[in-house]
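We will go from stop to stop, with something to select at each one.

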Amino acid sequence: MSDARAAVLFVDDEPRILSALRRSLRREHYEVLTAESPARALALLAQRRVDLIVSDQKMRGASGLDLLQEVVRRHPSVGRILLTGWPEEIPAEQLRKLGVRVLVPKPWDDAALKEVIRAHLSAVPPAPRHG
Amino acid sequence: MVSGPAVRVLVVEPRESDPRHPGTAAALARLGPEARSETVHDAAALRASLSRQPHDLVVVDQALGEDALRIVEALRDTGPPVVFVCRESDDTAALEAFRRGAADCITGSAHDGQVLAVVALEQIQRWRAARERGETQRRLRWLEQLPEAVVEAIPTALAVLDAQRTIVTANPAFARLAGASQQELRGKPLATALPAPFAGAGVERALRAAERGERGRPCLVRVGDVPACAYDVRAAPIGEGRLLLLVSEVTEIEDLLQQFGALRRYHEHVIQNMNSALLALDPEGRVTYANPTAEAVLGAEAGSMEGQSIFSWFPERERQDLVVRRTLDAGARFRGAEAVAVRPDGRRVPIGISCAPLVDERGERLGAVVIFQDLSEIKQLQRQVLQTEKLASIGQLAAGVAHEINNPMGFIHANLYQVCEYLGDLGRVWERIEALRKAVAVSPRAPSRLRAAAAELDVMIEEVDASYLLDDMGKALRESLEGSERIRHIVQDLRAFSHQDTAERTLSDVNKALDSTANIVWTMMKHSVVLTKQYEELPPVRCYPMQLKQVFMNLLVNAYQAIEERVASDGGRGEIRLRTHCRDGGVAIEVSDNGSGIDPSVQDRIFDPFFTTKEVGVGTGLGLSTSYQLVKRHGGSLRVRSGRNRGATFEVWLPLDETKSEDPA
């Protein structure tokens, strides 16, 4: 039976950040998925439905923006949020082009992060189910 | 004996001597050891000898035969006297010899050898005397002719004037000057003979002085305009009331003097005005010349450097190593040497020196030529570049560190926060446990197993001091969270410090940025500080508002801490004043406090990275240097005015036009 809840995918190459995120969002009403690399994230997206992707910017291999670019190409209905320690280094132009709605700075404020995700999920209709 | 040079006698006689007649040479031996006699045998030899050197006497022997009288004739009036030696008893030959110009005759008999010597002597002396007289007369005639030759030939115009200033006589040079012939000039008044300038006061003065017998000064007369001719005019008395007027043309000399003067002045101008300092030193290192730039750089009064030793401008222990010393001692040349001079007012001036030996045409060393520049500005620029480089490398380090810290801090902070939340939930469970224990305690009919379990619970709670644990866990977590917050701030500082801007600037209201930052800090300060705001209307400034706020935050916190420091020791009320106004094409933001101030000895280091006067753990020392960098990125400037215990005013100046990067103040 497929999960009716919304699914949020967190991508970061630091596993402890993923576990901290999981801890923080335990009581939220959406499913928390994690991926440790852009490749794994894309693999996951191909396998199942995801409503929102929250990605780190500086990862080994590809950057968050590169990943989000791919996501736009393959799964355009998935929401996109960038989580980064260097918000000033992201050109606003690029964010707009990729339709990245929000930039969350690292270290993040738990409450603020939850609010951003909630707002995003309520605004966007859930993606069509498949598989 | 005859005085003077050796006597030379020439004897002309047949080869074979007549045994009847004694040799003439022997007879002449009586003239003394200085007498030299030479004997020849014919006219040709005679001529040869005479032409070789002068003789005082010629003795011709009749024994030569017919030639004898012919030789006498030939010698007539041509040179030395001739003495004829007769060999015959009658005096026909003798008379004939006299007629032919012989000076004397003697018979050549035996006892006349004596007579020969005497006669010879007499003739020689007479001949010599005559010769001297002739010599003297010749010289006299030559002397008499010399002045005239000189007068005629010399280029100086000469004229003899009488007391009425009429020309008595003039030399050819004067005639040329007057444009008339020597004849025409005789009897002409001087005034009409020469051009008007020669009748001027100067010439008249010279003439009058000469009349008085004085040596008057020569005067300079100029004739014409282009080209002008210049003449040196002098006069001298020459007796009998007459004056000698001498006029030499000195046009060329005058011209050369003018050119020389002009060239010398030009050179002086060059040296006076050149930007480099120039010194000429004598071999001992004393200044023989210093141009104005040299005086200015070394802080000397005009003209005061001459005669002073150059070494007196350098500290004692550095004098030996000065390159100038090597130039003076060994003639070495230097370019681009550096030294630090000390001015009379105590200020130290870094200078760049080039020196070379000063030599004259013969290669004699006259001292040294030293050219130098004040390097203060260059040194300052060097320091600035060094500072910028230091900051850049520190920035890179900071960026790397921040990056590494950021990630772990992310999850540490999040986890701490979560654990706090968990604790909160567990706290509620604890409350229920407490309630349960109480409930059991007040139920006398609770089952024994339940009671036993409750008792064990009580013991356990007591043993681990559970309530304390719960309480303290919360505290520990909260304190850790605070710690992680602080780290976050430090990381932010580091990042801002090393930040490479890629985003664009935005037009902002500086007053708002300042005010909002002040309000944040106000909550911290409100109990001990009075804050006054004097905001002028400011145009929007293109900037990075976040960075500006960080600068303002830094300045405000510093002000607050300075006040804390002073109030702690002196008491009193803390005041912070914020003032904004427009200035010089930009906006100025002043943060003034009446805190403990900044000691002048550290004032130029407060913007250095990691420099801090605060205690360990309070300040990272990054605040002001970061602020300095951030303001500089905006093309502005950050300055401070302060003194110990006199408070401080920091001023941030930002240009409105970002293409201008220098604060004109």
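Select Gly635(B) to begin: this residue comes after helix H18(B) and has a positive phi, near 75 degrees. A word on the ground rules: this is a predicted model, where local features need pLDDT of at least 70, side-chain atom pairs count only at pLDDT 80 or more, and totals for chains, interfaces and linings use all residues. Residues are numbered from 1 along each chain as its sequence is written, chains are lettered from A and ligands numbered from 1 in the order in which they are written, and side-chain values use heavy atoms, with hydrogens and water left out.

Now step back to H18 itself, residues 623–633 of chain B. Helices here are DSSP runs (H or I, at least four residues), numbered from the N terminus. How many of its 11 residues are buried? The count is 8, where buried means under 20% relative accessible area with a 1.4 Å probe, protein chains only. Among them are Gly623(B), Leu624(B), Gln629(B) and Val631(B).

Next, show both chains together. In contact (heavy atoms within 4.5 Å) are 18 residues of chain A and 19 residues of chain B.

Zoom in on Arg27(A) and Asp425(B), whose side chains form a salt bridge at 2.3 Å, N to O. The term asks for a side-chain nitrogen of Lys or Arg within 4 Å of a carboxyl oxygen of Asp or Glu. Between chain A and chain B the count is 1 salt bridge.

Note on methods:
Buried means under 20% relative accessible area, exposed over 50%, partly exposed in between (1.4 Å probe, protein chains only). Helices (H or I, at least four residues) and strands (E, at least two) are DSSP runs, numbered from the N terminus.
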